[in-house]
Amino acid sequence: MADIDKTLQNIAREAEERHAQEKAKQLNLPYINLVGYPFTPNVLGIIPEEQAMQYRLVAYLKVENLVKIATDSPTSEQGFIIEALKKDTQLDFSLTYCSKSSLIFGLSRYDALLPRSQETKVEVTKESEDAFEREISTIKALRDKIATVSTTEILDVVFAGAMRLDASDIHVEPAEKTMAIRYRIDGVLQPVADLPMEAFHDLMSRIKYLAQLKLDVKHPQNGRFSVKVIGEDVDVRVATMPTSYGEAIELRLLPKNKQFLNLENLGFSAEGLAAIQEAISKPQGMILNTGPTGSGKTTTLYAILQKLNTPGTKIITLEDPIEYRISGIEQVQIDTSDQTSFLEALKASLRQDPNTLMIGEIRDKETANIALQAAMTGHLVLSTLHTNNAPSSFARLADMGVEPYLMSGTINLIIAQRLVRKLHETCQGKGCDECHQTGYKGRVAILEVLKPAAEIEKLIQTKAPLREFEETAKKLGMKTMHEDGLEKVKQGITNKEEVERVTKE
């Protein structure tokens with residue numbers, strides 16, 4: 001019986017391949033049988049696994065600059081991935097037709113030959129790096145450079161320019177007839193270039209390919225890849241968003257070898273620094289850092305973690321995403337959109353008995369309750385909240401449904417902060433090529449620090465309104481962010497316009 005089954009299988013396979021040969025002739029494509037084909041990792045890996053699965057494409061042969069790829073179902077959408085591959089690899093591609101069994105065999109080789117990777121890595125050539133470093137020193141020089149390069153080089157130049165000009169983010173924004181590229185430098189978006197829409201489509205395809213996003217999907221997507229440019233390895237977080245003229249792209253740049261500032265070098269006042277030092281010296285309790293996205297909360301918390309990171313201390317962080325790696329700390333990447341898995345990770349981390357636990361953000365009652373209970377039972381807990389100022393943290397937690405007894409006596413310190421741009425020392429704020437004619441270079445934190453006292457504890461117990469928390473905090477001597485900013489104006493670090501820009505509500 002086994003011999004009969006095997007014979008029938010062979011007959012079916014032969015019929016499948018004959019049908020594939022006929023289909024290839026109809027499509028005017030070459031034919032290939034890949035079952036048993038000797039795939040090699042370097043050729044197979046030319047197409048990332050996710051794209052290979054999505055578009056039913058597999059690379060099987062490379063001869064000099066030509067790569068042969070096979071599919072069992074040619075579609076127009078495959079043209080997107082092939083064009084993106086051409087631009088990214090500088091190779092030519094030739095499409096071949098194969099049977100379904102052939103394609104399945106080829107796709108199965110990914111598990112057999114290639115380790116699974118979570119991201120794509122791009123490297124700019126040494127020759128290009130040298131040219132970029134020489135030629136890109138100002139936004140104007142970058143704009144001129146972009147205007148002279150080919151479409152395939154635009155992304156490399158954009159990355160090199162971002163690193164050269166200390167940008168934290170790259171925004172690619174389509175309009176009716178052109179595409180705008182802007183950098184976020186020192187927290188403020190700066191126009192870099194306007195390009196024709198043809199370039200936008202090429203750029204979009206390449207970025208989606210690198211981030212392993214679906215090329216033919218027009219809904220918000222998130223991905224990542226890494227790039228090495230001007231001597232730095234950089235994680236790139238990608239977010240796309242459909243607009244009326246196409247998909248806008250936001251690229252967050254996270255240098256892997258970022259050197260963190262010490263607490264003492266973040267620009268805190270002597271009183272603020274002393275309050276932070278006192279709070280982190282306690283073996284338990286909670287420290288909250290509040291403010292909007294981009295206000296420097298993560299930098300401050302990482303600086304605190306570095307201060308606490310000693311051989312006798314166990315530190316665990318739960319982050320989404322892990323922005324920077326810190327040696328000696330157990331950092332856990334979690335998905336906060338999946339509340340179940342996040343809470344499981346939080347509970348599991350407490351079973352590891354850490355001295356210090358950092359939770360990326362408190363967003364809901366259950367997370368707040370677990371974090372505060374941990375802070376009551378021998379753990380130092382660091383986290384962030386999205387609130388306008390330090391006193392409003394109590395109102396925010398109460399709105400989540402946190403009971404007063406959990407907050408009272410548990411919170412060591414609340415920090416609220418913003419980042420203001422520093423006046424450029426070289427031109428004294430007048431504007432020059434080095435500061436891109438803005439008059440500013442670099443940023444410094446302004447903050448308010450609230451240390452709960454007996455008066456605050458009474459307000460927590462009575463669930464007092466926000467106004468009473470704010471008034472009591474000021475009576476206790478809390479300096480507001482606005483007041484801290486004006487102190488830095490007196491010191492010549494920034495100006496009043498900058499302080500007003502970031503503190504106005």
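Helices (H or I, at least four residues) and strands (E, at least two) are taken here as DSSP runs, numbered from the N terminus, and the expected span of a helix is 1.5 Å times one less than its number of residues. The model is a predicted one, in which local features need pLDDT of at least 70 and side-chain atom pairs count only at pLDDT 80 or more, while totals for chains, interfaces and linings use all residues. Residues are numbered from 1 along each chain as its sequence is written, and side-chain values use heavy atoms, with hydrogens and water left out.

Helix H9 (residues 197–210) has 14 residues and reaches 20 Å from its first C-alpha to its last, close to the 20 Å expected at 1.5 Å a residue. Eleven of the 14 residues of H9 are buried, so the helix is largely enclosed by the rest of the structure; buried means under 20% relative accessible area, exposed over 50%, and partly exposed in between (1.4 Å probe, protein chains only). Among the buried residues of H9 are Met197, Phe200, Arg206 and Lys208. After H9 comes Gln212, whose phi is positive, near 55°.

Rings of Phe, Tyr and Trp (its six-membered ring) pair if their centres lie within 6.5 Å, and planes under 30 degrees apart count as stacked, over 60 as edge-to-face and the rest as tilted. By this rule there are six aromatic pairs. The rings of Tyr37 and Phe39 have their centres 5.3 Å apart and their planes at 70°, so this pair is edge-to-face. Tyr37 and Tyr60 also form an edge-to-face pair, 5.5 Å centre to centre with 85° between the planes, and this pair links distant parts of the chain, with Tyr37 in the loop between helix H1 (2–27) and helix H2 (41–44) and Tyr60 in strand E1 (residues 58–63), 23 residues apart. Ring pairs link Tyr37, Phe39, Tyr60 and Phe105 into a cluster.

A nonpolar core is a set of buried Ala, Val, Leu, Ile, Met, Phe, Trp, Tyr and Cys residues joined through side-chain atoms within 4.5 Å. Of the 71 residues in the largest core, Phe159, Ile170, Met179, Tyr183 and Val238 touch the most other members. Apart from that core lies another, of 43 residues, among them Leu288 and Val444.

Strand E11 (residues 285–290) is mostly covered, with six of its six residues buried. Two strands pair if DSSP finds at least two bridges between them; six bridges join E11 to strand E15 (residues 380–385), which run parallel, and Asn289 stands opposite Thr384 in E15.
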